[in-house]
Amino acid sequence: MKAFLLIATLFIFNTVWSQNTGTIQGNAKDKNTEEPLAYAKVFVEGTQLGAITDFDGNYSLEVPVGTYTIVITVSGYEPSKKFNIPVNSGNVETVNFELESITQEIGPIEIVYDENKIAKTTDMITPLSVQKLTSVEIESNPGGNFDVSKVVQTLPGVGGSSGGAQRNDIIIRGGAPNENVYYLDGIEIPVLNHFQTQGSSGGAQGILNVSFIEDLKLSSSAFDARYDNALASTFVIKQRQGNREKLSGNARVGFTESVLTLEGPMGKKNDFLVSARTSYLDFLFTLIDLPIRPNFSDFQFKTTFRPDNKTTITALGLGAYDRFSFAATRQDNDETEFLRRSLPFITQWNYTTGVAIKRRVEDGFWNLAVSRNMFDNQLDQFEDARNGEEEFRNFLLESQEIENKFRFDFNKYVKGWKYSFGVMGQYVKYNSNLFNKVAGAVLDSAGNEIVPAIIIENESAIEFFKYGAFGQVAKEFFEKKLLVSAGVRTDMNSFTENGNNPLNTLSPRVSFAYHLNKKWDLTASVGSYYKIPTYTTLGFRDANNILQNQDLDYIQSDHYVLGTQWLPTKGLRVTVEGFFKDYSNYPISVVNGISLANQGQEFGAVGNEEVSTIGDGQTYGFEVFVQQKLVKNIFYVVSYSYVRSLFSGADGELLPSAWDSRHLFSSTFGWNFGKDKNWKLGLKYRFAGGVPFTPFDLEASQQVYTTTGNGVLDFANVNTERLRAFNQLDFRLDKIVNLKKVSFDFYIDIQNLLAFSNETPPFYTFQRNEDNTGFATTDGQALAADGSNALPLLIPNEGATVTPTIGVIFEF
């Protein structure tokens, strides 16, 4: 209530503060050659305010605080617009442009015509299955909590896992989370989330600081051939440059975390961005009496050096340290006791650092990137929550993944032909130490051991090289009515038995876009894509310390996509796409014959078992997407996707995978109360059909629970049950207050505003006695080692959690 009164008070005095001004700065360059565009006209739509770019393509202009549409025009290029640009009196707002050349000069009539094309997001290399998000769309997304991974789940074809809103799994067109790859300014970022599942890419909270991001491009098919290991999508994230004029930054303080970001010049040719964040979720969950104790911190930096007008050198890095534990609550029950006694403690840290060099040459440019990343993961679980007592240890996993990478690509644009080629190499290391008590010792009535405990222990260390090459070409024909883009790449490695044959992973792809008229496009693509199995799988050793998975093949996915794009009015974009993806060589567990796609995923690690790449899969469906950029203070996004995801086990039967949501719907609505008032309201609704899950084998679960603390799934009935559909409505209200040289953004963000009850798969446990000092039994005696006198209990894992966040962003 106090927060609402504060915002109301600020509104009263808004007329005094609204006369402040802010700065927009940026750069304009040729989209295909990276050549800076001098003498371009940059202006604020609907005003007389504007600027001219200098010889290096830079511009800067001062405007009254508010929200604007920025337009750029220059002879020989298609004009461009950027919508919903917020300008405050604190930090500088960066708006960069990449323009496409045309064969004739643009007059006023052509500018009006091109306004209908502003919402187009495709390019010459990837003319379909592309979505873009700006930093403003990410930061202001209701329920997004400044998290890139949560925001992209509103895009067409993108869903989540059975973890619901608690996880950041990105499921694109029915594929696994580890089928996505992420690039930050040309550097691959394998770990994007806190508490990441090893062997996957999902987690609880994103690491990236959205204050660094300029825009994000998601491609869900027709991938640029320069990106390896992608089966479902590529995320290309571009970071902005630091403030070139003065030291500035922002601080964000909320209920769950605090973040500090600084930026500024470092001489005439250098600038920097740096940030640090820490959470205090453990204190919050202690206050509200929850058994989980998550805590994380992270850092991020970027510095850009321009030794001359043709060369840019970027150094960047990010890293995180995560701790996840459990504690007793003031009012324990069966569910809190299960969480505390059965789930592992998690300790993780990771970092990625690299240097990227871009050098312009005649009609093009080349890129060189060198990077290193490391991920350290430790899981600990003890019997009956006796943490730290080694004689009661049930599970230990210590593992590290280390990659040292080199990438080079050369890009040219000559007489309408755009082509690129390049190579990459990686030196990879994976280490693991596993202790797993599968079953406890069987004792007689006198306490003597009759049957010893079953324990799996092994250590593994592997190192090998990965290498690949690609080529890509694109050209527009028939007066730019038909665009054709084609590419090919191959990937090899020195670890698997057939890894050095380039023909095994030869992956051609071709895409088409045909402009029917000024507003309609038809698009299509077909291509093959490959991915090496995860390191957790490649490094698995049996009880005799022998590597079991060196005979694996690369996973293959063939894509077929057909779509259309309609641009009916200014800033409005409508797309419809149908897709079919055919998987082969998919990993199947040797132990139970089940596809890894049908087993679901939790926090920790997946894939550390013996597998065979003999599985198949199919995902197919269609997507409808409607996006209206900010016009007259209103914007909205609506998407619907129908997705089926089916994978086979050793028996060859296609079954619904853990990501077979079927129906995905999302809508986002935003309303700016007016440029002078600086109020912003946002609503977001998400619906996802219930995903399948495998029930417990009740008999087997009862026999092993006393040792493992977990139930055993019934793999004779894989994914035969489904969760309820997921629903969530999120709300966000911002009030921007501008003072001289500084600004405040007071915000209220409420996730699950209407308290929809959502569920994840149930927990298996034993019922506890009334005073919660132990397990209840059928005979009143102590719990038998085999659980025969226990009272099995399935705990529904559901709840209607409403998560409010009140915070402030201070920019200076």
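In this predicted model, the charged end of R768 sits over the ring of F775, 4.9 Å from the ring centre. F775 also belongs to an aromatic cluster, together with F696, Y705, Y764 and F766. Another charge placed over a ring can be found at K475, which lies over the face of F477 at 5.1 Å from the ring centre.

The whole structure holds 33 aromatic pairs. One of them joins W520 and W566: their ring centres are 5.5 Å apart and their planes make an angle of 15°, which is under the 30 degrees that marks a stacked pair, so this pair counts as stacked. W520 lies in strand β32 (residues 520-531) and W566 in strand β33 (residues 555-566), so the pair ties together parts that are 46 residues apart in sequence. W520 is partly exposed, at 33% relative accessible area, and W566 is partly exposed, with a value of 33%.

Now look at Y586 and F647, an aromatic pair with 4.7 Å between the centres and 50° between the planes, a tilted arrangement. Here Y586 comes from strand β34 (residues 572-589) and F647 from strand β36 (residues 634-648), linking distant parts of the chain that are 61 residues apart. Y586 counts as buried because its relative accessibility is 6%, under the 20% cut-off. F647 is buried too, with a relative accessible area of 0%.

Our last stop is T69, in strand β5 (residues 66-73). T69 counts as buried at 10% relative accessibility. Beyond its neighbours within four places in sequence, T69 is in contact with F43, V44, E45, K81, K82, F83, N84 and L630.

Key: Residues are numbered from 1 along each chain as its sequence is written. This is a predicted model: local features need pLDDT of at least 70, side-chain atom pairs count only at pLDDT 80 or more; totals for chains, interfaces and linings use all residues. Side-chain values use heavy atoms; hydrogens and water are left out. Helices (H or I, at least four residues) and strands (E, at least two) are DSSP runs, numbered from the N terminus. Buried means under 20% relative accessible area, exposed over 50%, partly exposed in between (1.4 Å probe, protein chains only). Contact means heavy atoms within 4.5 Å. Rings of Phe, Tyr and Trp (its six-membered ring) pair if their centres lie within 6.5 Å; planes under 30 degrees apart count as stacked, over 60 as edge-to-face and the rest as tilted. A charge sits over a ring if NZ of Lys or CZ of Arg is within 6 Å of the ring centre and within 35 degrees of the ring normal.
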